[in-house]
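Please examine the sequence and the structure shown below before reading on. The paragraphs that follow lead through them step by step.

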Amino acid sequence: MKLAVAATAPIGADVLERLAARFEIAYLVSRPDSPRGRGRKLAPPPAKLTAERLGIAVYQPDKPELPEPVDAVVVCAYGLYIPPRLLEQSLWLNVHPSLLPRWRGAAPVERAILAGDERTGVTIHRTVEALDAGPIAAQEAFAIEPEDDAGAIFGRSAEVAAQLLEDVLPEPTFVEQPEEGMTYAEKIGPADRELDWEDPPDELLHKIRALSPHIGARAQLHGRDVTVWKARVAGGRLEPLEVQPDGKRRMTYDEFLRGVR
């Protein structure tokens, strides 16, 4: 079969690399390069970097478009709406890192950890016009371990997704997705990042794990604005382990305290 991938973000890059070890990938469709960092220089998306390293052709249209027909397109963290006319041209299979219908939407991994879910998983479903609502071809659950942050869950999800896709391609069969139990994983906003030290320590830890290592929870410590990347609950209170003062590098909390003194 002729297979393409539509991906932009790091989990999409990870799935692309794992699929390329199993299938011949005709090309990658990714979002255009975008400004990043303090200098706001144009930078390629992670999936593009992976495709170029693997020798896979890359297309970056402003709006979704297929440069040539394929039998199937695997979509993973692409980030653009796929119009119905394209959905009718090929089989589009979406990789979604949650146990749909729980956590449809933009931030399923982060929302699962924030909510204190004890398990999550990966769903392979047909891409349809409605958000993450297509019929399911495959699904596999796994535990969210107490030490897992979002990075660990994204990594495990990519591994599971590649195996599920290998099992269902080239001829998936589908089961309609139930509406019962549906929740919406809203995009992470500034308010979601703020740590309120009056909140229970377990909830604070959920937030730090959910936003690490890619977004970061925000707080004030000893009068300084910091991003908290790692922490633990000990003795009924939250203990920061790794922080990053604004404008500085990541450091252990002990290093931070020495600088404060």
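A residue is called buried when its relative accessible area is under 20%, exposed when it is over 50%, and partly exposed in between. These cut-offs are applied here to a predicted model. Glutamate 255, for example, has a relative accessibility of 27% and therefore counts as partly exposed. The side chain of glutamate 255 meets that of arginine 249 in a salt bridge, with 3.0 Å from N to O.

Seven strands make up an open sheet with mixed pairing, in the order 5-2-1-6-7-9-10. At its edges are strand 5 (58-59) and strand 10 (136-143), each of which pairs on one side only. In general, strands of a sheet pair through backbone hydrogen bonds, and they may do so in a parallel or an antiparallel manner.

Strand 1 (residues 3-7) illustrates the pairing. Strand 1 and strand 6 (residues 72-76) run parallel and are joined by five bridges. Within this pairing, valine 5 stands opposite valine 74 of strand 6, and alanine 7 has cysteine 76 as its bridge partner. Strand 1 also runs parallel to strand 2 (residues 25-29), to which three bridges join it. Here the bridge partner of alanine 6 is valine 29 in strand 2.

How many of the residues of strand 1 are buried? Five of its five residues are buried, and the strand is described as mostly covered. In a regular strand, the side chains alternate between the two faces of the sheet. Strand 1 has Leu3, Val5 and Ala7 on one side and Ala4 and Ala6 on the other; all are buried, and both faces are covered.

Helices accompany the strands. Helix 5 (150-168) lies across strand 6, strand 7 (91-96), strand 9 (119-126) and strand 10, and runs at about 145° to strand 10. Helix 7 (residues 201-210) has the buried residues Leu204, Leu205, Lys207, Ile208, Arg209 and Ala210. The buried residues of helix 7 pack against several elements, including helix 4 (108-114), helix 5, helix 6 (190-193) and strand 13 (224-234).

An α-helix has 3.6 residues a turn, so residues three or four places apart point the same way. Arginine 18 is partly exposed, at 27% relative accessibility, and aspartate 14 is likewise partly exposed, at 25%.

A second salt bridge joins the side chains of aspartate 246 and arginine 218, with 2.7 Å from N to O. Aspartate 246 lies in the loop between strand 14 (237-245) and strand 15 (251-252), whereas arginine 218 lies in strand 12 (residues 217-221), so the pair ties together parts that are 28 residues apart in sequence. Aspartate 246 is partly exposed, with a relative accessible area of 43%, but arginine 218 is buried, with 16%.

Tyrosine 184 belongs to strand 11 (residues 184-185).

Note on methods:
Residues are numbered from 1 along each chain as its sequence is written. This is a predicted model: local features need pLDDT of at least 70, side-chain atom pairs count only at pLDDT 80 or more; totals for chains, interfaces and linings use all residues. Side-chain values use heavy atoms; hydrogens and water are left out. Buried means under 20% relative accessible area, exposed over 50%, partly exposed in between (1.4 Å probe, protein chains only). A salt bridge is a side-chain nitrogen of Lys or Arg within 4 Å of a carboxyl oxygen of Asp or Glu. Helices (H or I, at least four residues) and strands (E, at least two) are DSSP runs, numbered from the N terminus. Contact means heavy atoms within 4.5 Å. Two strands pair if DSSP finds at least two bridges between them. Axes are lines fitted to C-alpha atoms, for helices over the stretch in contact, and angles run from 0 to 180 degrees between N-to-C directions.
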